[in-house]
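Here is a friendly walk through the model shown below. Keep the viewer open while you read, and follow the chains as they come up.

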Amino acid sequence: MALDDRKRAFKVVGTRVPRPDGIDKVTGRALYGADMSAPGMLHGAILRSPHAHARIRAIDTSRAEALPGVKAVVTSADFCRAKHSFNQDALDHCMAREKALYDGHAVAAVAATSKSAARAALELIAVEYEVLPHVTEIEDALKPDAPVVQEDRRARNAPEGTHPNVTHVVSFGHGDLEAGFARADRVIERSFRTAATHQGYIEPHACLASVTPDGRGELWCCTQGHYYVRELCADFLGMDTSQLRVTASEIGGGFGGKTTVTIEPVALALSRKAGRPVKLVMSRDEVFRASGPTVSSWSDIKIGMTRDGRITAAQAMLRYQGGAFPCGTVELGAMSAFAAYDLEAVRADGINVMTNRPRQAAYRAPGAPMAIYAVESTVDELCQELGLDPLEVRLKNAARKGTKSAYGPTFDDIGLVATLEAAKAHPHYAAPLCPNQGRGLSCGFWFNFGGNTCVTLNLDADGTVGVTEGNPDIGGSRASISMMAAEELGIPYDKVRTIVADTASLGFNDVTDGSRVTFAVGLATIEAARDMIRKMCARVAKIWDIDEEAVIWEDGCARPAGPNAGDFEPMSIAEIAAIANKTGGPIAGHHEVNADGAGVSFGVHLVDVEVDPETGHTKILRYTVFQDAGKAVHPDYVEGQMQGGAVQGIGWALNEEYIYGEDGRLQNPGFLDYRIPVASDLPKIDTVILEIPNPGHPYGVRGVGETSIVPPLAALSNAVARAIGARLHELPMSPPRILQALKG
Amino acid sequence: MQFAAPRSASEAAALLQAEPGDARVLAGGSDLLVQMKSGALRPDLLVDIKRIPGLDAITAEDGGFRLGAAVPGARLGEHAGVRALWPGVVEAVELIGSTQVQGRATVAGNLCNASPAADAVPALVAADAVARVFGPRGERDCPVSDIPVGPGRNSLAKGEFVASILLPARPKRAADAYLRFIPRTEMDIAVASAGVSLVLDEDGRCTRARIALGAVGPKVLLAEEAAHCLIGTKLEDAALAAMAEACSALASPIDDKRGTVAFRKQVVGVLAKRAAKIAQDRAGGTK
Amino acid sequence: MSRIHVRTTINGDAVEYLCEAGQSLLDVLRDDLGLTGTKEGCGTGDCGACSVLLDGRLVCSCLVLAAEADQRSVETVEGLADGDRLHPLQQKFLDHAALQCGICTPGFLVAARALLEKNPTPSETDVRYWLAGNLCRCTGYDKIVAAVMDAAAQMRKG
């Protein structure tokens with residue numbers, strides 16, 4: 001669906017209206033995953049492996065079952081085999097089958113009449129483990145004698161002799177690398193490492209499941225995609241999808257981490273076995289040990305540059321680990337690594353390696369931050385070596401309309417140059433710095449996504465409109481969807497109410513991911529509104545007894561198309577609604593689409609830091625985000641995405657990391673030692689929204705949710721490098737590492 | 001598990017003494033409840049001491065202040081007298097956890113938990129504070145540095161609990177300061193820390209110094225050699241450098257998820273140096 | 001196991017409940033009293049989502065035993081609005097779009113209220129340090145800090 005031809009003067013889109021779920025959320029009334037209860041409800045709890053890698057020889061649940069109050073105990077034996085291996089991996093992650101594959105891997109679960117009884121029952125489950133050698137780091141998992149995490153999962157396209165832990169081998173690029181490097185005045189090769197980080201949503205996974213003996217099920221859960229949860233759970237429990245209704249609760253953050261299942265199939269299995277509703281809520285410790293995190297990476301980058309700053313060739317080798325299962329995130333890393341550059345010769349290779357860690361879940365722009373960190377750090381180092389302005393070098397090499405991207409497609413209208421120009425013109429870029437201070441910048445990129453989407457609009461008898469959509473609202477999407485419906489219908493925002501339907505009430509919708517909702521659901525909403533407008537015009541044509549084509553829609557009213565159409569007073573939407581029962585019955589608009597044309601998004605971040613030379617502590621002094629939103633539907637929430645992503649990236653750059661001990665156990669499964677940024681760590685995060693319309697959306701909207709987490713990693717690293725005169729090639733840049741770098 | 005909220009110290013001591021299993025004192029609970037949640041502790045009896053009259057009071061005593069064991073950290077910061085007399089102790093206590101934790105966590109609890117990284121403890125040791133221990137056989141006073149004996153272990157006998165802590169009086173031209181290093185700006189456990197208490201003469205020369213280091217040994221370390229480096233000086237750069245070096249030399253930290261040995265040894269000296277300057281400034285020694 | 005009888009005041013109302021010795025105030029609020037506005041993000045005092053006032057003092061309800069609340073007063077996010085009139089902080093959080101997912105919002109509101117009652121004229125730095133125990137993963141804190149500053153200004157006007 002293309003950008004509208006006519007230049008539109010937006011009335012609702014672009015304003016800062018109140019969100020419909022706001023009052024519920026400031027009064028404590030909003031219901032999240034753990035906030036729902038049911039009569040007769042049991043409490044579930046999960047037993048988790050204390051071993052990083054162990055064969056499960058036997059599980060004896062009899063003592064737990066005998067404990068008063070315990071109503072059900074389940075293990076992997078209580079689930080079906082999944083339809084295909086990707087689904088089976090998702091199930092095996094929820095409940096270990098033959099082996100416990102990481103510290104925290106679920107091995108059994110109980111449902112009991114109280115939380116304390118459920119916890120007590122866990123201690124009565126006897127699991128006989130055969131502890132196996134484990135591996136948690138990429139380098140170690142690639143060694144010839146490394147333990148094989150899962151047999152028979154080696155990539156089919158892997159060359160002979162590739163380690164069995166390598167599950168994916170990918171390659172992108174074009175042009176003659178050798179010739180390109182030969183043309184460079186300076187070529188550097190660097191290796192980079194990034195730690196695994198967690199999405200860190202404040203709401204632990206939680207759900208309430210109820211399965212009846214006739215095979216019907218109800219599931220209430222916090223998820224980014226309840227249709228996908230339904231598909232997976234129905235598969236694992238051998239249910240028809242139509243018999244399982246999933247309702248998405250309010251969701252307390254996801255960032256990609258709630259795009260799959262973790263505990264939902266377990267709660268359903270417990271409920272089925274116990275014959276009662278079961279609530280299951282993860283503890284924070286469980287969230288860290290057994291949900292998320294993102295991949296860790298070890299990457300080699302080689303870039304050649306001329307004396308005047310033109311990149312002649314660029315090459316990347318990315319190695320990601322995404323836990324104990326095959327993980328395709330490295331493909332997105334290899335695709336995005338050089339997306340910001342217009343390159344004649346480029347190649348990005350990638351492999352994924354299995355380790356004894358939890359199964360990776362998507363995390364905001366999955367795969368991109370670590371790849372682009374490595375590339376943007378290398379470009380910055382070249383700029384330093386050649387004495388070039390890093391912003392000018394980005395501009396000189398920037399991808400633009402017509403650029404054949406490093407991952408294949410040729411870009412249409414994109415906002416990178418405009419974003420870089422905005423950064424260059426901003427006072428931040430020219431502000432003076434003091435000793436021990438440094439300024440860093442980085443570009444960022446995300447593909448964005450469209451996907452399967454289904455929206456219904458219902459016209460109520462009083463002329464107000466209900467929008468039914470199927471994507472959980474993570475950051476204000478009900479507001480922006482209502483705005484687009486109101487805009488298209490020409491009615492006030494407060495005459496529209498958007499709800500998120502359960503899986504039984506609306507056709508399939510893809511997960512809330514890929515920054516797709518404002519784009520794809522917005523697009524479908526606009527089309528559904530146009531469908532409703534056509535129907536309303538047809539009703540009015542019937543009343544006026546003229547051709548349907550002779551009725552147009554303007555400012556919330558049906559009007560004659562021109563003097564030739566006849567002389568009729570405009571009919572408002574309320575008037576049309578009031579007599580709908582006499583003109584053919586209820587009026588609804590509907591649209592279903594597998595949307596493409598999402599339109600890629602670029603951002604540029606500028607950051608100033610000061611490093612304490614005696615302690616290695618980094619203080620962020622100033623931060624500015626520049627990003628292309630296509631069209632900012634609700635600018636507050638666009639800014640919020642830009643700020644939130646930036647701060648997650650700051651945490652990744654400075655402090656956040658999964659730390660495993662020699663024993664393969666996670667050492668910091670809590671917010672005390674998994675250190676996400678707190679309010680006092682940060683300055684104001686300034687934002688500059690650019691609007692370069694996306695040719696693939698009627699209003700020009702692009703997704704904005706993910707790009708913002710990409711640039712902070714390199715921006716911070718480049719700033720620290722310039723502040724201390726030494727470069728770290730590893731994240732997080734913790735104070736001990738910075739102090740070490742300062743010592744040389 | 002049983003819960004008791006006795007109304008007198010002797011009743012509390014009797015309950016703690018009589019419990020055959022694991023009996024725990026509940027003051028602020030900000031450490032105890034976390035350990036219970038993780039399963040690390042499963043007490044048979046919790047004795048809430050917050051309803052014992054007097055234990056929630058800060059009282060002036062002989063020119064100093066006695067802090068009841070049930071006084072939450074936030075109350076210290078609100079007490080102008082304590083702030084003025086022992087600003088370093090107050091700033092140490094105010095660094096424990098969040099505002100929310102400040103509303104609960106007590107100085108006595110921070111001491112008795114015996115974490116090597118406890119923020120209040122180096123400041124209390126530098127201040128020469130004295131714990132009043134109440135037990136089945138009555139009261140006894142004990143230097144705070146003798147309460148913790150190792151990570152998570154204290155010297156209290158069965159039935160005993162710390163009822164109050166005395167921050168002593170101090171002469172003119174004296175002050176203290178506390179600094180810790182954490183990766184963020186709040187909410188972390190100290191990676192290294194230093195409490196410094198100084199007394200200056202009329203010329204601004206240091207006549208007495210106590211320096212205590214945290215998170216660089218199994219328990220708080222009293223850095224006597226380092227303190228000696230300051231005696232007779234006006235904290236000139238050379239004296240401070242020698243003091244910092246002595247602190248680093250004394251430190252015997254471990255590598256863990258929060259920091260490395262090398263980092264802790266270096267940074268503890270930096271912190272001691274900076275804290276000494278702040279204490280000197282507070283004591284009027286830089287005017 | 002015998003349960004403990006507690007008489008307390010919650011948001012101005014007299015409330016009685018029975019609890020286990022080891023049960024947290026947070027669990028009783030959420031599971032037994034239906035006050036689910038107070039959220040559990042960590043259960044270890046590290047995230048602030050369960051912030052409540054206990055005798056007027058800001059605390060994490062996950063670090064308070066339910067038994068300790070006997071004869072005390074508890075205030076939660078549900079008690080912040082005066083009937084249908086939002087507290088200025090609630091209104092400013094809406095005006096400034098200071099929430100995205102909203103799970104941390106109740107804790108922030110309760111904590112910010114405690115701040116403004118103690119210090120009606122906080123600096124931005126004061127706000128950031130006071131709220132350092134309240135984690136938000138969505139907003140980067142920017143709009144939250146702006147909302148608290150604006151609410152403080154409005155409350156000073158009365």
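Chain A has 21 helices and 27 strands, where helices (H or I, at least four residues) and strands (E, at least two) are DSSP runs numbered from the N terminus. This is a predicted model, in which local features need pLDDT of at least 70 and side-chain atom pairs count only at pLDDT 80 or more, while totals for chains, interfaces and linings use all residues. Residues are numbered from 1 along each chain as its sequence is written, chains are lettered from A and ligands numbered from 1 in the order in which they are written, and side-chain values use heavy atoms, with hydrogens and water left out.

### Overall form of chain A

The C-alpha atoms of chain A fill a box of roughly 85 × 75 × 50 Å along the principal axes. Its radius of gyration is 27 Å, which agrees with the value near 27 Å for a compact globule of 744 residues; the radius is taken over C-alpha atoms, and the globule rule is 2.2 Å times the number of residues to the power 0.38. Of the 744 residues in chain A, 67% are buried, meaning under 20% relative accessible area, with exposed being over 50% and partly exposed in between (1.4 Å probe, protein chains only). Contacts (heavy atoms within 4.5 Å) tell a story too: among those in chain A between residues at least 6 apart in sequence, 79% join residues at least 24 apart.

### Inside chain A

Helix H3 (residues 85-94) of chain A is largely enclosed by the rest of the structure, because 8 of its 10 residues are buried. Among them are A:Asn87, A:Asp89, A:Leu91 and A:Cys94. The buried residues of H3(A) pack against strand E5 (106-112) and helices H7 (226-237), H8 (264-274) and H9 (284-290) of chain A.

A:Ser442 sits in strand E16 (residues 437-446) of chain A and counts as buried, at 0% relative accessibility. A:Thr583 belongs to helix H18 (residues 580-583) of chain A and is buried, with a relative accessible area of 8%. With the sequence neighbours up to four places away set aside, A:Thr583 touches A:Arg539, A:Lys542 and A:Ile543.

A salt bridge is a side-chain nitrogen of Lys or Arg within 4 Å of a carboxyl oxygen of Asp or Glu.

| Interface | Buried area | Carbon and sulfur share | Salt bridges |
|---|---|---|---|
| Chain C and chain A | about 3700 Å² | 56% | 7 salt bridges |
| Chain C and chain B | about 2400 Å² | 58% | 5 salt bridges |

On the chain A side, 42 residues of chain C are in contact with 51 residues of chain A. One of the salt bridges joins C:Lys39 to A:Asp35, with the closest N and O atoms 2.4 Å apart. Helices H1 (25-32), H2 (88-95), H3 (105-118), H4 (124-130) and H5 (142-157) of chain C each supply at least two residues of the side that touches chain A. H2(C) gives the largest share, 4 residues. By class, this side of chain C divides into 20 nonpolar, 9 polar and 13 charged residues; Ala, Val, Leu, Ile, Met, Phe, Trp, Tyr, Cys and Pro count as nonpolar, Asp, Glu, Lys and Arg as charged, and the others, Gly among them, as polar.

Turning to chain B, the contact takes 33 residues from chain C and 27 residues from chain B. C:Arg57, C:Leu63 and C:Glu68 supply 27% of the area that chain C buries against chain B, more than any other three residues. The side chains of C:Lys118 and B:Glu78 meet in a salt bridge (2.9 Å, N to O). The largest share, 4 residues, comes from E4(C).

Definitions and conventions
Buried area is the accessible area (1.4 Å probe) that two parts lose on being put together, summed over both.
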